[in-house]
Amino acid sequence: MRLNAIALAVSALAIGFMSSAASAQTVMRISVSTAQNSHQGVAIDTLAKEVEKRTNGRYKIQAFYGGSLGAEREATEAVQLGTQELTWTSTGPIPNFVPEVKILDIPFLFRDYAHARAVLDGPIGQEMLKKFESKGMKALAWGENGFRHMTNNKRAINNPEDMKGLKMRTMENPVHIQAYKGFGIIPTPMAFTEVFTAMQQGTVDGQENPLSVITANKFEQVQKHLTLTGHVYSPGVFLMNKGAFDKLAPADQTAFLEAAKVAAKANRDRVDEDEKTAVKYLSSKGMQVVENVDKSKYQASLAPVFADFEKQFGKANIDKIRNYK
């Protein structure tokens, strides 16, 4: 009897310990607007894995894909309000929350991926991440969508004039909208979650996005033409509710920040991988691809818009980014 009592006591202690361990685990949510098998999916899956590993399982992050917790703007609002702990978003809706980020969306601001990544990882980008804190969000790290390209169902875009009159879905971003009007496009701001159906039904003629986004979302099924304009570099950002971040122990704050760095690298690596294979894949699916683009013509067509951007943001600020090495 005594042995049974000891066994019961040990069992009770074990159950209590397991219950305590289980209750000690904090579950958080993170979301993206694209599919799991995408550069965005890689970003949040890597973050979740790294956070769990670095906090010895005390923090578990559940990942949600395809805008299932809301489009990018809604998810960002939810993080700001604290009804959702984390999200990964493009900078499309971010100027509505942190206006200083708008400057990154100026067309032809970045020479290439190395330049863009150097700016974001350097003093300019890191200082910009701090701007989120007064808006109720902790920006953990910059991620990446990539350089954006034009797709449509009407005609091949061989020069800027070919864009005139096209009804194109754009992000809910004032810099993009102003620039695309300069191209003669009819911009149609729309949440990303609505884009595929809008193109399928002919509500819009086309859209513009990086190759990673185009392939991950199977836009080749509803678009005929692709032109590699590379007109805008599209960053992404890992966001966390600031209150939730501030409640973390200092060691756990470091764990989240370091996990985000690893996740950002995985995200960029996937973009690099997609860039190598996407054109061949999309061509094989029947898309007509214009690869050789004279970007100077597109830049020239935006001369009046660039002049206005210099007034808005200051020429020195733009040049600081454009000439960063």
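**Note on the predicted model**

1. Strand 1, helix 2 (residues 39-54) and strand 2 form a β-α-β unit, and the unit is right-handed. The structure is a predicted model. Strand 1 covers residues 26-31 and strand 2 covers residues 59-64; the two pair in the parallel sense, with 6 bridges. Within this pairing, Thr-26 has Tyr-59 of strand 2 opposite.

2. Strand 5 (residues 167-170) runs parallel to strand 6 (residues 186-189), and 4 bridges join the pair. Opposite Met-168 stands Pro-187 of strand 6.

3. On the helix 6 side the contact is made by Val-175, Gln-178, Ala-179 and Gly-182. On the helix 12 side the residues are Val-305, Asp-308, Phe-309, Gln-312 and Phe-313. By class, this contact of helix 6 with helix 12 holds 5 nonpolar, 3 polar and 1 charged residues.

4. How do the axes of helix 12 and helix 13 cross? Helix 12 (residues 303-313) and helix 13 (residues 315-322) have axes that come within 6 Å and cross at roughly 105°. The range of 65 to 115 degrees counts as roughly perpendicular, and helix 12 and helix 13 are therefore roughly perpendicular to each other.

5. In the contact between these two helices, Phe-309, Glu-310 and Phe-313 of helix 12 meet Lys-315, Asn-317 and Ile-318 of helix 13. The class count for the contact of helix 12 with helix 13 is 3 nonpolar, 1 polar and 2 charged residues.

6. For the protein overall, the secondary structure comprises 13 helices and 9 strands. Of its 325 residues, 52% count as buried. Taken along the principal axes, the C-alpha atoms fill a box of roughly 90 × 45 × 30 Å. Among contacts with a separation of 6 or more, 76% are between residues 24 or more positions apart.

Notes. Residues are numbered from 1 along each chain as its sequence is written. This is a predicted model: local features need pLDDT of at least 70, side-chain atom pairs count only at pLDDT 80 or more; totals for chains, interfaces and linings use all residues. Side-chain values use heavy atoms; hydrogens and water are left out. Two strands pair if DSSP finds at least two bridges between them. Axes are lines fitted to C-alpha atoms, for helices over the stretch in contact, and angles run from 0 to 180 degrees between N-to-C directions. Angles under 35 degrees count as roughly parallel, over 145 as roughly antiparallel, 65 to 115 as roughly perpendicular and the rest as oblique. Contact means heavy atoms within 4.5 Å. Ala, Val, Leu, Ile, Met, Phe, Trp, Tyr, Cys and Pro count as nonpolar, Asp, Glu, Lys and Arg as charged, and the others, Gly among them, as polar. A crossover is right-handed if, with the strands pointing away from the viewer, the path from the first strand over the helix to the second runs clockwise. Buried means under 20% relative accessible area, exposed over 50%, partly exposed in between (1.4 Å probe, protein chains only).
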